Amino acid sequence: MPNFKSLKDFVYDYISEQISKGDLEPNEKIYENNICKELNISRTPVREAMIQLATEGYIESIPRRGFVVRKLDEKEAEDIYEILGILDGFVARQVCGELTEKDFSDMDFYIGSMDLAIKAENYDMYYKQQEQFHDTYISKSSNESLKQMIYQVKKKFLKRSYGIPKGVSTEKTLLDTNAEHREMLELFKKGDAIGIETYLREVHWENSKAFMETIK
Amino acid sequence: MKNKSKKQYAYDKILEMIHTGIYSAGSRLVIDRLSEELNVSAAPIREALRQLEAEDIIEFKNYSGAVVKITQMDEYIELIHFEGILEAYIVGECVGKITQGDIAKLEDTNRQIKEAMDTFELEKIGGLNRQFHAVFHDYCENKYLKSELSKSRQKLDIIRHSVFTIVPQRVPQSYQEHLEIIELFKSSATSEELEKKARQHRINLIQVLNSKFGL
């Protein structure tokens, strides 16, 4: 078993992972017994984990139904995009001067891989490459609190797999997003610290895009 | 289940004692003693301590047992830097929304800071400073942002004393910078200008701390 602080944390991570991957869907009931069996863990830590998840808004307790996965509403999704814009933007500005040629070439590689993944409709791969792309610059920050927060907010709230029914609109949206990644790379290469911060806040994490998180 | 609610009780009480300084940074938390003080058995106390450890508020040290963490200065600075970024954004967002009444409140609080400066009441200034900044928080509509701010505030509050007791030279500087922020609001500055000013306000504090501690 990985090095978790407690059984409750282990269960907590397991359930939140299932939610963000889409294995547990909005409005779907969470069966405590199932979790106990799947993880071979007793009821108490499972119950505690669910209470923590409910406090944090991942799931809610419905009378006569039990715990049910919450759907992220639009306002919440917008709020999260707003925070990510601030934090991601700030990190990018902070580390702008520290990126090397190798970093640029890595980011270029990820952009290319994302294009391929989109065309192949392999959205899991797309997501992974996108994470790598952002990690390239975020990992350069020396501020642990900042990095942790970005990581946690993304992990908690963003869709891990774009398992949305395929269609032109998904492909177009993701291709547009990848074009933004290209623009970001250009700003980094130019060393435009303020430009990259503004771009992340006002374009990449722009509010009106938040609806993507609430689909399905 | 009984154990769980006792654990919660123990957790709440211990945290309260840490915040009010009964157990301060570096203090040992002895299970037997806590068990007596809170009238709860050892098992829930142990669970509560585990949770506090997970939240980075206490740590288990060899030969000492559970000890309230002493936030290292560089960690502290990192936290206030982080808090500063979020706060500066909130200040910028107040542009166009802040009321005359709240501007007056800011001016009044800042005036009280000046008065307390003359009598060197540093802890009081800390409280007034908190009051000043809190005016902006009320305008924040992003509940996640608000909760992140309060979480980092909680961690910073473990250090019982106001930062002004550590670097008192910041008081007149802080007072002046507050005046400048108020002036920007009154002269209808943009969100960008306010955010920039608020960030600078925090960076100035960090620079003073850095030079004091040789970081």
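# Close-up views of a predicted two-chain model

**View 1. The surroundings of Ser141(A) in the predicted model.** Leaving aside residues up to four places away in sequence, Ser141(A) touches Val91(A), Gln94(A), Val95(A), Leu146(A) and Lys147(A); the coordinates shown here and in every other view come from a predicted model. Ser141(A) lies in the loop that runs between α6 (123–138) and α7 of chain A.

View 2. Which residues of α3(A) are buried? They are Val46(A), Glu48(A), Ala49(A), Met50(A) and Leu53(A), so that the list includes Glu48(A) under the criterion of 20 or more other C-beta atoms within 10 Å. Just after this helix, Gly57(A) adopts a positive phi of about 90 degrees.

View 3. Strand β1 of chain A, residues 59–62, and strand β2 of chain A, residues 66–69, pair in the antiparallel sense, with four bridges between them. Within this pairing Ile59(A) stands opposite Val69(A) of β2(A), and Glu60(A) stands opposite Val68(A) of β2(A). The two strands form a hairpin in which three residues lie between β1(A) and β2(A), and Arg64(A), in the turn, has a positive phi of about 65 degrees.

**View 4. The side of chain A that touches chain B.** In the predicted model, 16 residues of chain A are in contact with 15 residues of chain B. Two or more residues on this side of chain A are given by each of α3 (43–55), α4 (74–95) and α7 (144–157) of chain A, and the largest share, six residues, comes from α4(A). When the residues on this side of chain A are sorted by class, six are nonpolar, four are polar and six are charged.

**View 5. Chain A, its elements and its domains.** Chain A contains nine helices and two strands, and along the sequence these elements follow the pattern α-α-α-β-β-α-α-α-α-α-α. The domain assignment of chain A gives domain 1, residues 7–69, and domain 2, residues 74–214, and the centres of these two domains, taken over C-alpha atoms, are separated by 29 Å. Of the 216 residues of chain A, 31% count as buried. Among contacts in chain A with a separation of 6 or more, 73% are accounted for by residues 24 or more positions apart.

**View 6. Confidence along chain A.** The mean pLDDT of chain A is 85, with 89% of its residues reaching 70 or more. Where in chain A is confidence lowest, and where is it highest? The lowest value belongs to α7(A), with a mean of 80, and the highest to helix α5 of chain A, residues 101–119, at 95. Over residues 160–166 of chain A, pLDDT stays under 50, although the model has 18 contacts beyond four places in sequence for this stretch. Where pLDDT is low, the predicted coordinates should not be read in detail.

View 7. Chain B has 10 helices and three strands, which along the sequence follow the pattern α-β-α-α-β-β-α-α-α-α-α-α-α. The C-alpha trace of chain B spans about 60 × 40 × 30 Å along its principal axes. The domain assignment of chain B gives domain 1, residues 2–68, and domain 2, residues 73–213, with 32 Å between their centres, again taken over C-alpha atoms. Buried residues make up 27% of the 215 residues in chain B. Among the contacts in chain B between residues at least 6 apart in sequence, 74% join residues that are at least 24 apart.

Note on methods. Residues are numbered from 1 along each chain as its sequence is written. Chains are lettered from A and ligands numbered from 1 in the order in which they are written. This is a predicted model: local features need pLDDT of at least 70, side-chain atom pairs count only at pLDDT 80 or more; totals for chains, interfaces and linings use all residues. Two residues are in contact if their C-beta atoms, placed from the backbone, lie within 7 Å. Ala, Val, Leu, Ile, Met, Phe, Trp, Tyr, Cys and Pro count as nonpolar, Asp, Glu, Lys and Arg as charged, and the others, Gly among them, as polar. Domain bounds come from an automatic or database domain assignment. pLDDT is the predictor's confidence in each residue, from 0 to 100. A residue is buried if 20 or more other C-beta atoms lie within 10 Å of its own, exposed if 12 or fewer, and partly exposed in between; C-beta atoms are placed from the backbone. Two strands pair if DSSP finds at least two bridges between them.
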